[in-house]
Amino acid sequence: MDRETGHCIASFPAIFSVTRLAKGILVHHAGGIQLLDPSTGHEHWSWRDPSLTLTGLTTTHDVAYIIGVRAGESRLLEVVDGSTVKDTPVRYCGSAAVASGIENNDISNDEVHLLIEAPTLPPRIITVDELLRPTESSTAAKPQSTAMSESHSSRTRYLNLIADDAEPLTAVVTSPHGVDSPAPMILSCYGGFGVADLPVFEPTIPAWVEAGGHYATAYVRGGGEHGAAWREAGRGRNKHRGIEDLACIARGLIDAGLTRPELLILVGASHGGVLVTSCALGHPGLCSGVISTAAPLDLLSLEDHPLGAAWSQEFGDHDTIEGINEMHRISPLYRAQHFADGNADGTADTNHVVPPQFLGIILDEDSRVNGESTHAVATELERHGGRATVWHASKTGHGGNHLDRLHSLGAIILSFAATVTSVASFETEGLQHR
């Protein structure tokens, strides 16, 4: 709507942003982007790329600059008159990176700025020209599936793996530079709600890598890294698919010679905590430890959490016996209760395996998830001969926390991973058995 005149230009079910171009106004809505005449509402052109999850948009005089995610990779696109004239993987100094923001504060100025980051690269602002100039000369010589080092001490790469149903899978692995041998590995996963879990900067990653470990992120079905179909393939009654994808990625990293089961720690928060705990307990011997932060680990009691009613369709079907049974089977608490009964595929566990060590983190100011199911999982694992620790993060909520709280949380996670995998570089003070 034109606020000065009250004239209605156009209507959409939802609008993310409206900005200016030389020929009109550019509307970013759920169906893509559309250039309209502000006087008549007439469409000059529209643009949509179903393979891209659009995450940011800005304009100069006559160019729309778009950042988004395609096949798990951050991309920068230039759109002119409704046509894509450039589609570039985001790189910084020859290394893969993530564009987490884009802005042009002056439409008369063609200088567009990007906020970029990578697992060991803290966020920094560069211009689009800075990104594109080295790309034109150097990217062609490097496979887009492989990222070189963000620094002299580490490198990040995309590894292509295969699921048990032959679906291609991806892991993003950050390693000490030149280290391709088995080493302690933290494998993280989110894998839900269509969220793209991109390899952004997080201070625990360079700390872990500098101590000699690998850090990996798993792209599994249910997340948003590969578009809408990928998301639906791991949602609801298909939630088991993301769990099995994670197991396949873990085995792929082991087969690639980057780690071993006794050196592998699975880590996830919120939805990711459900996946990693279910995976670790459903596949005995896959890893040595699992860390779950602020996760609803009893899928049959989602309504007990403050926001649990909003999650039921993500995890399964409450309306049929078959749906309830499936949700029950993949629930981390159920798998903890029945750990000694057998493997995830229903086969007998003839060689009893001790449960992986478990660290359940409860956020004391969490407004979304309560901690009862975390305590319940720990109790069941101890009953089956495992070691379990529950740690309460004080003055910490489900989001928007003070940096000191996040640093304490990260230190506890690294301490647990170091202790379980026998990495001597980290102090373990402050991590007490529950």
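Is Arg-231 buried or exposed? Arg-231 counts as buried, at 15% relative accessibility. The cut-off for buried is under 20%, so Arg-231 falls inside it at 15%. Keep in mind that this is a predicted model.

What does Arg-231 meet in a salt bridge? The partner is Glu-314, and the two side chains come to 2.9 Å, N to O. Arg-231 belongs to helix α3, while Glu-314 sits in helix α6, residues 312-315. The pair therefore ties together parts that are 83 residues apart in sequence. Glu-314 is buried as well, with a relative accessible area of 3%.

That pair is part of a wider set. The whole structure holds 19 salt bridges. Some of them share partners. Asp-49, Arg-70, Glu-73, Arg-75, Asp-87 and Arg-91 are joined in this way into one network.

Now turn to Arg-241. Its side chain meets that of Asp-164 in a salt bridge, at 2.6 Å from N to O. Asp-164 lies in the loop between β14 and β15, and Arg-241 lies in helix α4, residues 239-255. Parts of the chain 77 residues apart in sequence are tied together by this pair, because the loop holds one partner and the helix the other. Accessibility sets the two partners apart. Arg-241 counts as buried at 13%. Asp-164 counts as exposed at 52%.

Arg-241 also forms a salt bridge with Asp-165. Here the closest N and O atoms are 3.7 Å apart. This pair again links distant parts of the chain, with Arg-241 in helix α4 and Asp-165 in the loop between β14 and β15, 76 residues apart. Asp-165 counts as partly exposed, at 40% relative accessibility.

Next comes a sheet. Three strands form an open sheet in the order β11-β12-β13, and their pairing is antiparallel. Which strands stand at the edges? They are β11, residues 98-103, and β13, residues 121-127. Each has a single partner strand, so one side of each is left without a neighbour in the sheet. On average, neighbouring strands here are turned by 20° against each other, direction ignored. Look at one pairing in detail. β11 and β12, the latter spanning residues 113-118, pair over five bridges in the antiparallel sense. Ala-99 has Ile-116 in β12 as its bridge partner.

The structure has two cavities of 30 Å³ or more. The second largest cavity holds about 40 Å³ of space. Ten residues line this cavity, and the closest to its centre are Ala-96, Ala-97, Pro-119, Thr-156 and Pro-199. β12 and β14, residues 154-162, each supply at least two lining residues. By class, this lining has eight nonpolar residues, one polar and one charged.

Pockets come next. How much space lies in the largest pocket? The volume is about 1,300 Å³. Its lining takes in 43 residues, and those nearest the centre are Glu-202, Tyr-215, Ala-269, Leu-409 and Ile-413. Several elements each supply at least two lining residues: β15 (168-176), β16 (185-189), α2 (204-210), β17 (214-219), β18 (264-269) and α10 (403-421). Which of them gives the most? Helix α10 does, with eight residues. The lining of the largest pocket divides into 26 nonpolar, 15 polar and two charged residues.

The second largest pocket has about 470 Å³ of space. Of its 20 lining residues, Ala-30, Pro-50, Leu-52, Thr-53 and Leu-54 are the closest to the centre. Two or more residues each come from β2 (24-29), β5 (53-59) and α3 (228-232).

Technical notes:
Residues numbered from 1 in each chain as written. Predicted model: local features only at pLDDT ≥ 70, side-chain atom pairs only at ≥ 80, totals over all residues. Heavy atoms only, no water. Pairing = 2+ DSSP bridges. Helix = DSSP H or I, 4+ residues; strand = E, 2+ residues; numbered from the N terminus. Axes fitted to C-alpha atoms, helices over the stretch in contact; angles between N-to-C directions. 1 Å grid on protein atoms, 1.4 Å probe; cavity = no way out; pocket = protein on both sides within 12 Å on 5 of 7 lines; lining within 4 Å. Points joined across faces, edges and corners; volume = space filled by probe spheres on them. Nonpolar A, V, L, I, M, F, W, Y, C, P; charged D, E, K, R; others polar. Salt bridge = Lys/Arg side-chain N within 4 Å of Asp/Glu carboxyl O. Buried < 20%, exposed > 50% of the residue type's maximum accessible area, 1.4 Å probe, protein only.
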